[in-house]
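Biologist: I'm new to this one, and I'd like to know how you back up the labels you use. Could you walk me through a few?
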Amino acid sequence: MMDRSLMRESARHFKPYYSPDADGALRLDTNTNVLGPNPAAAAALADLSCLDFNQYPDTYSRPLRRKLAGFHGLSEDNFVTGSGSDEIIDILFKTFTDKGDVAVMPHPSYSIYEYFSELHGGVPVKVDLDDGFQLDVEGMLAPDAAIIMIPSPNNPTGNSFRREDLISIIERSDRPVVIDEAYGEYHGDSFIPLVEEYDNLIVTRTFSKAYAMAGLRVGYCACSAAAAEMMTCIRIPYSLNMVSERAAVAALEDQDFITRTVEMTEKNRPMLAKGLEGMGFRCFPSDANFILARSPVDHRGLVDGLKERGILVRDFGHRRLLEGCVRFTVGTEEMNQRLLRACRELIG
Ligand SMILES: Cc1ncc(COP(=O)(O)O)c(C=O)c1O
């Protein structure tokens, strides 16, 4: 009889991840790129007839790692690739934590850290952010952590953390400190140039957000060659498929698209915030392509009402410190107008 007693003990309380029936809806719930699929990647995928997919992809994505090395001014030995940065996070926990180990992360933050920590038998310790959603540096350093996870800009709050706070945590910890820069392109200020200076610093990045390739699942991390070598021994060989790798290599060559994306976001973000605030939302400052806002009406009713009008946004209102909050991906001007119109109808 299949029941949960047969399941790995550390995961028995797990539920499946967020999985809405999108069905043609306007997706302002996953912070993907509202300009549509990456054009350089699309061009690279237009003709795949020469691809010898009878063979495996390069075991450890050498072509993409070489490209990343040139792009970031590091060596290919400083990079590990994965099927999305979620796979990189999984590899990090598998490489640097054992059963019972503590993983420190801020709260509120990206839920996958807690998930992987628990999955691998660890103990996630969540340290509350302050009233301005900034880090409690002493609190983050207090537990005897095997790994410290910090997304900057943070999801779902949208703000980035103070550079001096992050440096202080990296310098004062002798364990891997992971800065998750999934939204790094929007903020601009990256920690990747510091990975040779601090050998415990690991910076994760994704092609899912500004690079507009979420469906192709490509992520990577930059770190010291020593850390990359350890992670490479744990990573599933061939985990990044050759189609996605080819698209990522092409996408890195088209930085104009990234510039356009970031400029569009910077232009539309304050307009969306102003429209929401005009209806009584409290918007929190964002360095990313989304805005967290406290709803003036019941958050569930708002999210459900928007869904009925064909717009998906993400409800965080049930989480501690995020009571009543909803996260909106910043859209194009037309998308934002449609969203604001629908909110106005619901708020009345
Ligand atoms: C902070 C953060 N890190 C990592 C990811 C995972 O991205 P992916 O696995 O698509 O690379 C996300 C996705 O929402 C995110 O918000």
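Predicted model: local features only at pLDDT ≥ 70, side-chain atom pairs only at ≥ 80, totals over all residues.

Biologist: Then where does S61 sit?
Modeller: S61 is in the loop between α1 and α2, and α2 covers 62-72.

Biologist: Why is S61 called buried?
Modeller: A residue is buried if 20 or more other C-beta atoms lie within 10 Å of its own. S61 has 28 of them within 10 Å, so S61 counts as buried.

Biologist: What about N31: buried or exposed?
Modeller: N31 has 25 C-beta neighbours inside 10 Å, so this residue is buried too, going by the cut-off of 20 or more. N31 also shows a positive phi, about 60°, without being a glycine. You'll find N31 in the loop between β1 (26-27) and α1 (39-46).

Biologist: How do you know that the bond between H107 and P108 is cis?
Modeller: Look at omega: for that peptide bond omega is about 0°. P108 belongs to the loop between β3 (102-107) and α4 (112-119).

Biologist: Which peptide bond involving P153 is cis?
Modeller: The one joining S152 and P153, with omega about -5°. P153 lies in the loop between β5 (145-151) and α6 (163-172). Most peptide bonds are trans.

Key. Residues numbered from 1 in each chain as written. Helix = DSSP H or I, 4+ residues; strand = E, 2+ residues; numbered from the N terminus. Buried ≥ 20, exposed ≤ 12 C-beta atoms within 10 Å, placed from the backbone.
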